[in-house]
Amino acid sequence: MRREDERGLAPDREVRPIVTVFGSSQPREGEPDYAQAYEVGRRLALAGYTLCNGGSGGTMRAAAQGAREAGGRTIGVTMDVYIAEPPNSWLDEEIRVADLFTRLQRLILPASGFICLRGGCGTLAEWALVWTLLTSGLLPPAPLILLGREWEPLLDAVRSGMLPRERDWAFLRVAADIDEALAILRDGLPASVPPPDRPPG
């Protein structure tokens, strides 16, 4: 286990690009969401990516298991406030941090792409934060993928009830399945994505 300390938040260099997968601790083995997360981890490893996630149970455990069993590398960013919940056993590296804000930084900063699985309030906060950082130019351009058509009603609600700029949608993609998600990761963002012109809000 490695602990974040006063040396700062600069991510260690990885030989393989890191994809951070956001998900939920709720699904259990045998459930469809768990099986999907396992396959996401497996396919990421086979495609040559390092998997990063929150390091605990549910779809985080499933994705890490899938990646490790396919010969991939896994990183889990855990947090002291959840110390009663041990990290899952499929991690190559655990990075334990003190608080949620540092955890989010360690999940987001080293990643060259993001995949969001179904989840709860935490997953919603994670993808919204990444989207904000991307659209404001505070992160280098990277694919932000919402996996599954189930996300589309939520995005429709965002379009109709909030005020995102039209250019912001270029940073956000819905993938119908894992094949499409991997294709988006491989292709990256289109060259036509416009630069930020003002802070988000």
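**The overall layout**

What you see is a predicted model. Its chain contains six helices and eight strands.

Across the chain the mean pLDDT is 87, with 85% of residues at 70 or more. Where is confidence highest, and where is it lowest? Strand β3 (residues 50-53) comes out highest with a mean of 98, while strand β1 (residues 2-3) is lowest with a mean of 54.

Keep an eye on residues 4-13 as well, where the pLDDT is below 50. Leaving aside near neighbours in sequence, this stretch makes 13 contacts in the model. Where pLDDT is low, the predicted coordinates should not be read in detail.

The chain has 201 residues, and 46% of them count as buried. It exposes about 10,100 Å², of which carbon and sulfur atoms supply 56%.

Now look at contacts between residues at least 6 apart in sequence: 70% of these join residues at least 24 apart.

**Two helices side by side**

Next, find helix α1 (residues 32-46) and helix α2 (residues 59-69), which pack at an angle of about 35° with their axes 6 Å apart. The crossing of α1 past α2 is right-handed. Among the residues making this contact are Y34, A37 and Y38 of α1, and A62, A63 and E69 of α2. Sorted by class, the contact has seven nonpolar, four polar and four charged residues.

Methods:
Residues numbered from 1 in each chain as written. Predicted model: local features only at pLDDT ≥ 70, side-chain atom pairs only at ≥ 80, totals over all residues. Heavy atoms only, no water. Axes fitted to C-alpha atoms, helices over the stretch in contact; angles between N-to-C directions. Helix = DSSP H or I, 4+ residues; strand = E, 2+ residues; numbered from the N terminus. Left-handed = near helix turned anticlockwise from the far one by under 90°. Contact = heavy atoms within 4.5 Å. Nonpolar A, V, L, I, M, F, W, Y, C, P; charged D, E, K, R; others polar. pLDDT = per-residue confidence, 0-100. Buried < 20%, exposed > 50% of the residue type's maximum accessible area, 1.4 Å probe, protein only. Areas by Shrake-Rupley, 256 points an atom, 1.4 Å probe, with all protein chains shown as cover.
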